[in-house]
Amino acid sequence: AKRVERALLVLEQRDTLRVVLEDIDTLLSHPEWRKEGSRLKAIQFHHQSRWDEAVVLMRENVKNDVHVSEQSRLLADIELNRKDTAEAIHAYQVAWSRDGDEMDFIGMLDLYRGRGKPPEELLQRGLNLYPRSAGAIQSIFEVYFAAGDADNLNKAVQISDRAIKILWPLSVDWKIRHAQALISLKRKKEAET
């Protein structure tokens, strides 16, 4: 536990001191500690930009159920650095499917920008899972708004209408978003109110 704690602390500072290497090697050499050692080795490779080695180890860690969400997020970061957005989305999907973390969901939606609209089921699931989350609701609204067609704009209006009437009635930002969606639908009279 002390070796894991010390190695993780040093790695979080993006340092690769000899003490970390010794800690990781010690963890890897003992079967009962090997998973933690493998996790830390993958983080070390990531920090050193040794991405090919990191990807292999991270995928193995995910397969072996070793800190799946953390390893998947690091995989997503590597894939983004490699300019492979589809693989990054997939990595976030793995992390999100595992823990349902709101930030993984938002990160996944952000990656869809410029690639088209995310699947409708994903957006609806987000609305159901995070009905009061300002970040998730805003991300979903932005996806519908950016799609620009009447059906999607109507969904954006529904989201912003709920936001200004129920969730955040004092929010000026949501009133502006609501008005922008109405204007895009050529409903200027409603937008004025």
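## Charges, rings and core in a predicted model

The charged end of Arg-177 sits over the ring of Trp-174, 4.6 Å from the ring's centre, where sitting over a ring requires NZ of Lys or CZ of Arg to be within 6 Å of the ring centre and within 35 degrees of the ring normal. The structure is a predicted model, in which local features need pLDDT of at least 70 and side-chain atom pairs count only at pLDDT 80 or more, while totals for chains, interfaces and linings use all residues. Residues are numbered from 1 along each chain as its sequence is written, and side-chain values use heavy atoms, with hydrogens and water left out.

Trp-174 also takes part in ring pairing. Rings of Phe, Tyr and Trp (for Trp, the six-membered ring) pair if their centres lie within 6.5 Å, and planes under 30 degrees apart count as stacked, over 60 as edge-to-face and the rest as tilted. The structure holds five aromatic pairs. In one of them, the ring centres of Phe-141 and Trp-174 are 5.5 Å apart and the planes stand at 75°, so this pair is edge-to-face. The pair links distant parts of the chain, since Phe-141 belongs to helix H9 (residues 134-147) and Trp-174 to helix H11 (residues 172-184), 33 residues apart; helices here are DSSP runs of H or I with at least four residues, numbered from the N terminus. Phe-141 is buried, with a relative accessible area of 3%, and Trp-174 is buried at 4%, where buried means under 20% relative accessible area, exposed over 50%, and partly exposed in between (1.4 Å probe, protein chains only). Ring pairs link Phe-141, Phe-145, Trp-168 and Trp-174 into a cluster.

Another aromatic pair leads towards the core. Trp-96 and Phe-105 are both buried, and their rings have centres 5.3 Å apart with planes at 40°, so the pair is tilted. Phe-105 is also among the residues that touch the most other members of the largest nonpolar core, which has 53 residues; the others named with Phe-105 are Leu-40, Met-108, Ile-140 and Ile-159. A nonpolar core is a set of buried Ala, Val, Leu, Ile, Met, Phe, Trp, Tyr and Cys residues joined through side-chain atoms within 4.5 Å. Leaving aside neighbours within four places in sequence, Phe-105 is in contact with Trp-96, Leu-122, Gly-126, Tyr-130, Ala-136 and Ile-140, contact meaning heavy atoms within 4.5 Å. In soluble globular proteins, nonpolar side chains tend to be buried together.

Charged side chains form their own set of links. A search of the whole structure finds 16 salt bridges, each being a side-chain nitrogen of Lys or Arg within 4 Å of a carboxyl oxygen of Asp or Glu. One of them joins Asp-104 and Arg-73, whose closest N and O atoms are 2.7 Å apart. Asp-104 lies in helix H7 (residues 102-112) and Arg-73 in helix H5, so the pair ties together parts that are 31 residues apart in sequence. Asp-104 is buried, with a relative accessible area of 1%, whereas Arg-73 is partly exposed at 32%.

A second salt bridge connects Arg-59 with Glu-79, the closest N and O atoms being 3.3 Å apart. Because Arg-59 lies in helix H4 (residues 51-63) and Glu-79 in helix H5 (residues 68-81), this pair ties together parts that are 20 residues apart in sequence. Glu-79 counts as buried at 3% relative accessibility, whereas Arg-59 is partly exposed, with a relative accessible area of 42%. These two residues belong to a network of salt bridges that also links Asp-52, Arg-82 and Glu-87. In a further salt bridge, the side chains of Arg-50 and Glu-53 meet at 2.8 Å, N to O; Arg-50 is partly exposed at 33% relative accessibility, and Glu-53 is partly exposed at 37%.

Finally, some individual residues deserve a look. Asp-65, in the loop between H4 and H5, has a positive phi of about 60° although it is not a glycine, and Asp-65 is partly exposed, with a relative accessible area of 43%. Lys-186, in the loop between H11 and helix H12 (188-192), likewise is not a glycine and has a positive phi, of about 65°; Lys-186 is exposed, with a relative accessible area of 70%.

Note on methods. Helix = DSSP H or I, 4+ residues; strand = E, 2+ residues; numbered from the N terminus.
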